[in-house]
Every structure is written in C-alpha cells, then in structure tokens.
Amino acid sequence: MNKQSRYYEKITHIIFTIICFAWVYPFLWMVFTSFKTEEEMFAGGLHLLPSHFNFGNFIRAWEQANFSIYFWNTVIVTVVGVLITIFLTSTSGYTLGRYNFPGKKFFIGTVMVMMFMPKGYTIIPTFELIRQLGLLDSLAGVILAQVGGVNAMGVLLFMGAFSQIPKELEEVAKLDGASYPRIFWQIMLPMVKPIIATVSIFQFMSSWNDFFTPLVFTLGKPNLRTLGVGMYSFIGEHSTDWVGMAAAASISLIPIIIVYMCLQRYFIEGIAGAVKG
Amino acid sequence: MENNKSLGKQIWKNRWNYLFLAPTIILFTMFTIYPVIASWVISFYNWNGMEPLNDFVGASNFIKVATDPGFWKAFKNSFIYMLGVVPIQLSLSLIAAIFLNNPKLKGSTVYRTLLFLPVVTTTAVVGIIMAFIFGTYNGVINELLLATRLIKQPVNWLGSANTAMAIIITVGIWKTFGYNLIYWLAGLQSIPGELYEAAKVDGASSRQQFRYITVPLLKPIAIIIILLAIIGSLNVFDLVKVMTGGGPAYATDVVATYIYRYAFSTEKGIPRLGFASAAGVFYGVTTMLIAIIQGALMKNANRERADYQL
C-alpha cells in the first residue's frame with residue numbers, strides 16, 4: 001500500500017469514528033444518565049460519565065413505575081408473536097411453495113392485492129373485532145392485533161425457500177411412509193433455518209418496538225402496557241424525573257440492543273435479503 | 001391426469017395442504033381483509049364506536065376531510081417530513097455505503113453495526129430520549145452550543161414552530177439511516193467486481209467508474225429503496241407522537257397524528273371514527289397514487305436512459 005492511500009484510510013477511520021460516536025451518543029447518554037443522581041443531572045454540564053454508579057433509578061423504574069410489568073408484557077407479546085408468526089408463515093409458505101391445488105393462485109393473488117391496497121385506518125375495525133372476541137382486556141388481544149394479519153413478506157420468503165428444495169427428498173420420505181406433517185416438521189423445516197432466523201428477527205423487532213397497536217389497545221389499561229407505551233405514559237406522569245426516565249429507557253432498549261449485538265450478522269443479512277429478493 | 005378428476009377429489013387429495021393453509025387463511029381474513037374493507041365501509045358512516053353502525057352519511061366524511069384546513073396542514077407536514085428525510089438520508093447513506101463497501105477498509109463491520117443500531121431500537125423510546133437531548137434546559141445540544149458560545153440563550157428546539165419540524169426530521173434521518181445503508185450496500189455488492197477491474201485496465205478514474213458503472217447498475221435497486229423510504233416517511237407516527245404530539249400549535253402535526261386525535265384522543269371530544277377512517281382512506285389513496293406515478297416516472301426515465309446508451 002502506498003503512502004497516499006494509507007493517509008486516506010486514516011482520514012476515513014477518523015471521520016467514521018467521529019460519526020459513529022455521535023451516532024450512538026444518545027444511547028451512551030441514556031445508559032450513563034441512568035446511573036446519575038437527580039442533583040448531578042440538574043447540575044448540568046457535559047459530563048457523560050456519572051460520578052459514581054448508583055442503581056436507585058433502575059429500582060425506582062422497575063418497582064414503582066411498573067416497568068417490571070411493562071417489561072414482562074413486552075417479553076410475552078414478543079415471544080408469542082414470533083412463535084405465531086413462524087407457525088403461520090412456515091406452514092402456509094410450505095404448501096404454497098411446494099404444491100399445486102385449486103384456489104392457490106386465488107389466495108396468492110388476494111395476498112398481493114391486500115399488500116398494495118390503501119389500508120385506510122384498519123386499527124378501528126381490528127379493535128372492534130378484538131372486542132367482539134372478548135379479548136380487549138388481555139395481552140392476547142394485543143398479540144392478535146399485531147400478528148393476526150399474517151406477515152405477507154414472511155409467507156413469500158418461506159414460499160421461495162421451500163420451492164427450491166429438490167422434490168426427491170420428500171419422495172423418499174413418502175416411500176418410507178412418513179406422513180405429510182412429519183415430512184414438513186422433520187425434513188423440510190430444518191432445511192430452511194436461515195429463513196426461520198430472518199422472519200423471527202423481523203417479527204422480534206416489529207413486536208418489541210411496536211408502539212401504535214399497544215398504545216391503542218392499552219388506553220386506560222396500565223397493566224397491559226408494553227415498554228414503549230409505558231415510557232410514553234411515564235413522561236406524561238413524571239415529566240421531571242429525568243434520571244428515572246433514562247433508567248426506564250435503558251430497561252426498554254438494552255435487551256434489544258444485546259440481542260442485536262449478538263445476532264447482528266443475521267439482522268443485517270435479513271434486511272439486505274429483503275430488498276434483494 | 002389430475003385435471004380429469006372431479007374438484008371434490010382434488011380437494012380431498014390436497015386435504016393436508018388446505019389444513020396447513022387454514023390457520024393463515026382464517027387469520028388473514030379476520031385481521032387483514034376484514035379490517036381493510038371495514039375501514040372503507042366505516043368511512044361512509046357517522047360513528048362514535050359505541051352505538052351500532054347505522055348512520056350512513058355518504059361522502060360527507062370525505063368532504064369534511066377535504067375541506068378541513070387542519071387536515072391539509074397535517075398533509076403538508078407529512079410531505080415536508082418526507083422531503084426533509086428522504087433526499088438527505090438516501091444521499092448520505094449512499095456515500096457511507098460506498099466507503100464501507102471498500103474491502104480494504106478494516107473495521108467496516110464495526111462501523112456498519114453501529115450505524116445500524118438506531119434501526120433496531122424502539123422509536124417511541126428513542127424519541128423520548130431525543131426530546132431530552134434537545135431539551136431547553138440541561139439538554140445536551142443546548143449545553144454544547146452554549147459551551148462553544150454558538151448561542152447565548154438556550155433554544156427551545158421542540159417548543160418553537162420554526163425548529164420543531166427540523167429536529168424531528170433530523171432524528172428521523174438518524175433513526176432509519178441504517179436501513180438504507182444496508183440496502184445500498186446490498187446493491188453495491190451485487191455489482192460484479194470484474195467491471196471495475198476492466199474499467200481500471202481501460203484507465204477510468206474512480207469518478208468515471210462511479211458515473212458509468214455504479215450509477216446505472218444501482219438504478220433498479222435504487223427505485224425500490226426510494227419508494228420504501230418515501231412510503232415509510234409518509235406514514236411517520238411514533239416519532240412525532242412522543243416528541244411533540246403534533247405541536248406546538250400543530251406545527252409538526254402529520255396525517256397519522258391528526259387521524260389518531262380524532263379516533264382515540266379525548267382532546268377532540270367524542271371519537272369520530274367515520275371521519276378518522278375517511279381521512280385514512282383519503283390519505284392512503286393519495287399516497288398510493290403518488291407512489292404509482294413516481295414508480296412510472298422512474299421506470300420511464302430508466303428506459304429512456306437505456307435507449308440513449310444503446
């Protein structure tokens with residue numbers, strides 16, 4: 001490498017380091033502020049690090065501000081949402097990707113039309129529907145409203161992946177007497193693990209981060225709030241408790257940041273695959 | 001031949017397929033098809049959500065939406081947000097992607113991971129943190145500007161009509177930048193490296209390589225990226241809701257927060273679900289038309305360009 005290109009590389013690194021620091025600064029601010037005392041916060045200044053780490057804000061947010069409830073609500077909504085989505089998209093993607101049967105084209109056509117049709121304000125009829133099902137005062141209502149519509153992109157991803165598996169595999173299994181669900185569960189599903197990962201990650205992100213659906217469904221029901229909605233009502237009720245706010249925000253964001261850091265390759269490949277496909 | 005069999009027999013033969021598809025069909029009908037159709041139907045009624053749906057009012061909700069200055073203000077703001085976010089975000093993310101696509105640049109994975117981080121975090125929570133960072137007193141931005149003497153008085157960034165939208169746009173660019181960075185990187189990586197090698201052999205400068213290889217080959221994926229960015233930003237809700245709630249004095253009110261106010265908030269009195277649905281349908285149709293026109297224009301431009309090059 002010559003001198004000039006090494007010089008350019010150094011400049012690139014310096015610029016990207018500065019940008020990345022600014023980029024994650026809000027998260028650093030959030031985490032470090034969570035450990036500050038109220039006095040320290042309001043003394044102002046630009047000190048990012050707290051003078052010493054105290055966990056009082058976390059305890060206050062977790063116990064008094066009900067973030068323990070919000071946290072577990074979010075965990076339940078997310079985990080159940082991911083499981084339902086994987087079940088729906090993999091089973092339907094399997095039949096649509098590998099078999100021809102009357103009505104298949106009609107179904108795919110309907111899904112396509114629905115994807116591009118202007119949606120209006122669907123939360124109102126969805127709310128009505130959940131009410132008639134008697135699920136308005138439960139997390140089940142929130143979950144159904146979030147994932148009941150079926151992730152059409154997930155169906156398409158599974159369809160594509162299943163259609164590429166050679167026919168011979170299941171012919172052999174059929175000769176051995178394996179039933180349809182067994183072929184699906186034991187032979188086919190393990191072959192599309194990357195798609196399972198991609199769809200799970202997408203659903204995990206959208207369930208954990210959803211704000212609008214839980215906001216509408218938990219109006220007047222504090223016990224059903226998820227973290228995002230809990231944060232929003234927290235600033236409405238305790239607008240002056242900055243350090244408590246920061247701790248509550250850390251409780252909301254650190255789990256998904258850790259999951260992302262551990263699985264970042266899958267996150268990025270999943271997103272990239274969505275636009276390539 | 002299968003075609004000779006009766007439909008009943010075919011359905012029986014495919015019973016497992018139908019069984020596997022059944023949960024999806026049932027839920028899809030209930031939670032996608034029904035709500036979309038119902039949202040259109042409700043928009044023709046005067047309805048507060050409590051009484052039965054029987055006060056049919058024809059197109060009057062649509063007329064009320066189209067003649068409400070508040071709706072058009074929100075409509076304009078949605079487009080201001082989109083026009084503020086999309087061009088800046090897409091050009092900056094393309095520049096970053098070109099640098100990070102250089103295989104010789106060590107640590108590019110680390111930069112990519114950090115730049116993508118805001119995407120995975122909850123918009124509602126991040127918006128609240130940003131409201132504190134841009135806060136008037138003790139907010140980091142004001143402290144920084146005061147310390148460097150760029151301003152003399154703390155600025156009420158989110159509280160004044162002149163700056164609130166600019167701040168929301170800035171945060172919006174930051175929040176979804178990572179998506180476009182990854183999309184651009186995927187596009188750049190789909191260009192075969194041999195093309196650049198061949199161009200280098202022919203003595204093309206890096207600017208010429210960008211102009212004659214990168215730009216034309218990125219076009220198809222660019223159309224998708226631009227459309228996704230436009231649609232995403234026209235439907236912004238979470239960020240505005242938590243940062244300003246549409247204020248001050250509706251200066252940052254977008255269509256999504258406008259509709260929410262009529263459907264669910266108590267500030268406008270009794271819920272007006274028919275009116276809210278009509279606003280939703282109206283906006284949905286408008287944005288879809290814009291997307292179609294945009295798509296057609298870009299395709300056209302592409303074709304003309306291709307003809308020219310041939």
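Begin by selecting chain B and colouring by secondary structure: read along the sequence, the chain follows the pattern α-α-α-α-α-α-α-α-α-α-α-α-α, with 13 helices and zero strands, where helices (H or I, at least four residues) and strands (E, at least two) are DSSP runs numbered from the N terminus. The radius of gyration of chain B is 25 Å, well over the 19 Å that the globule rule gives for 310 residues, so the chain is more spread out than a compact globule; the radius is taken over C-alpha atoms, and the rule is 2.2 Å times the number of residues to the power 0.38. Along the principal axes, the C-alpha atoms of chain B fill a box of roughly 80 × 75 × 40 Å.

Bear in mind that this is a predicted model, in which local features need pLDDT of at least 70 and side-chain atom pairs count only at pLDDT 80 or more, while totals for chains, interfaces and linings use all residues. Residues are numbered from 1 along each chain as its sequence is written, and chains are lettered from A and ligands numbered from 1 in the order in which they are written.

Next, select residues 1–37 of chain B, which the domain assignment (automatic or from a database) gives as domain 1, and then 73–272, given as domain 2. The C-alpha centres of these two domains of chain B lie 42 Å apart.

Now show chain A as well: 74 residues of chain B are in contact with 66 residues of chain A, contact being C-beta atoms, placed from the backbone, within 7 Å. Which helix of chain B gives the largest share of the side that touches chain A? Select helix α2 (residues 15–42) of chain B, which supplies 20 residues. By class, this side of chain B has 55 nonpolar, 16 polar and three charged residues; Ala, Val, Leu, Ile, Met, Phe, Trp, Tyr, Cys and Pro count as nonpolar, Asp, Glu, Lys and Arg as charged, and the others, Gly among them, as polar.

For the last stop, select B:I128 and display its surroundings: not counting residues up to four places away in sequence, B:I128 touches A:M231, A:I235, A:M245, A:A249 and B:V242.

Technical notes. Contact = placed C-beta atoms within 7 Å.
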